Amino acid sequence: MREDAVRGSRRDVLGVVLAGLSGVAMFAALGMVFLYAPREATMGDVQRIFYFHVASAWIGFFAFFVTCLAGIGYLVQGERRWDVLALSSVEMGLTFTTMTLLTGALWARPVWGTYWTWEPRLTISLVQWLIYVAYRMLRAAIEAPERRARFAAVYGIVAFVTVPLSWFAIRWWRTIHPDILMGGEGMAITPRMVHTLVVSLVAFTLLYATLLRLRMQLECAVDALARLQARVESLRDQLTSRPPD
Amino acid sequence: MSNLAYLLFAYAIFWVLTFALVFSIWARQRRLEREIAALADCLREEGRDVHLRRTER
Amino acid sequence: MTALHVSRFTLHVSHVCGRVQHNQGDLLNFLRTVWAVVAKDITAELRTREMISAMLVFSVLVLLVFSFALDLQGTVARAAAPGVLWATVAFAGTLGLGRSLAREHQTGCIDGLLLAPVDRSAIFLGKALGNLAFIVVVEGVLLPLFSALFDVPLLRPAVLLVAALGTVGYAVVGTLLAAIAINTRAREVMLPVLLIPLAIPALIAAVRATGVLVDGGVLAEVGGWIRLLVVYDLVMVAVSMLTFDFVVEE
């Protein structure tokens, strides 16, 4: 069997390299977050949540962008690999957006006294989270694989283009009526913080790439199994339909 | 809950979610491999049946 | 009724479009198709009026729920009016959009439409305009009602402009998503889940702009929101027209 399902016989070099790089980058980012980045003036150590919170928000958005591109790719080319990319990226995006929301809540509570604030980044993350969930529900509600891929592609594209518009709408809404509690970011940004943030972003991007690849390989294995089952079915039909000699 | 506790909780969430995702992918892969193995067994048995039927004639 | 209806309509559309032309640049044919679809939807609805009445009754019920939930009276009511209005329109809209496409699906009319030798985006545009008309009718009742109930001047031209812009975008993307939703296991129930996150830019803009305008603001003050609504509408129309083909590909 030369199917991708049997991975033991082939060394997945790119996968290992990606995983290794992600590990190193993550380690470096963590180190910088806790040792290199300065203690923030007004918020104290709790502010360190900011780095991974923003990084996961960035990946949440980037994964959505990838899904949109994959949707376009599928509609144009009609090949399953685009659909695999789309659904894998959604799973990643949903996970990272969940991280954004939870870490945002845990940051908001000690700093602003409430678990949730309608702050632009958190709100847009919530909107994206809901769109991801809607995407998954849509896929789950369609049985025919071709139609599922097509509809999901269309939804991914239409949904993604509304995100920048939502972002602007939410921002304007928030600047006109800023939270009395919040009154803006309130963080004193230093160069060291910028360095840490950049490293965190790189680490998260590598992590996303590694996990995305893993998920896509899983989906390819699912496809391989489906093909095998179809072959077995057709063989079985051939055998049982043969007239007795 | 002290501020540092919030910080640690937040980073814990990050690790928990990452590993939950990896574990979920791994678990699904395992299930898939089990099904493929079962399918291979099925094929072997069917092959044996066909062979037996042929030799009986 | 259905088979006869479908074949009769297909003939009608073909007749309306004159000679069979695959040349998609023919604007007149395009517009004729759009008009044919809109006219069909409106006449079908006028016969029973079941969808519009359901949307209207539902709107009033939603209003009732909001009134109790938020204790809407006096200044609170005035401040909450734009939000309650557009939330009501959004919910009633999902009802109408879902029902409109479900009717197509049930009668098999959509298959007849697709078999006709016409540009598919014309069909989509016709459907969207029909749905837009239904929502506008509901707004036509709600706006005066809200003006009276909440003591807010909603019948100003500026507010009507905001309403029109918001509704157009909502109806267009709603029609596309309803066409998708109707083909899922959950059918119309899927529509609110798909539609509402995508309607957020229009919702925020409409509520904020209406709020400013009823507080005595002038059109210039809400220029930013108007621009956002226009961009939203253009983007939604463009994307929907481009992707609708893929939704009805069967």
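User: How many helices and strands does chain B have?

Analyst: Chain B has 1 helix and 0 strands. Both are DSSP runs: H or I over at least four residues for helices, E over at least two for strands, numbered from the N terminus. This is a predicted model; local features need pLDDT of at least 70, side-chain atom pairs 80 or more, while totals for chains, interfaces and linings use all residues. Residues are numbered from 1 along each chain, and chains are lettered from A in the order written.

User: What radius of gyration does chain B have, against a compact globule of 57 residues?

Analyst: Chain B has 25 Å, whereas such a globule would be near 10 Å. The radius is taken over C-alpha atoms, and the globule rule is 2.2 Å times the number of residues to the power 0.38. The C-alpha trace of chain B spans about 80 × 10 × 5 Å along its principal axes.

User: Which partner residues does chain B touch, by count?

Analyst: 23 residues of chain B are in contact with 29 of chain A (C-beta atoms, placed from the backbone, within 7 Å). The chain B side divides into 17 nonpolar, 2 polar and 4 charged. Nonpolar covers Ala, Val, Leu, Ile, Met, Phe, Trp, Tyr, Cys and Pro; charged covers Asp, Glu, Lys and Arg; the others, Gly among them, are polar.

User: Why are H1(A) and H6(A) called roughly antiparallel?

Analyst: They pack at about 155°, with axes 8 Å apart. Angles run from 0 to 180 degrees between N-to-C directions, with axes fitted to C-alpha atoms over the stretch in contact. Under 35 degrees is roughly parallel, over 145 roughly antiparallel, 65 to 115 roughly perpendicular, the rest oblique. H1(A) and H6(A) are therefore roughly antiparallel.

Technical notes
Contact = placed C-beta atoms within 7 Å.
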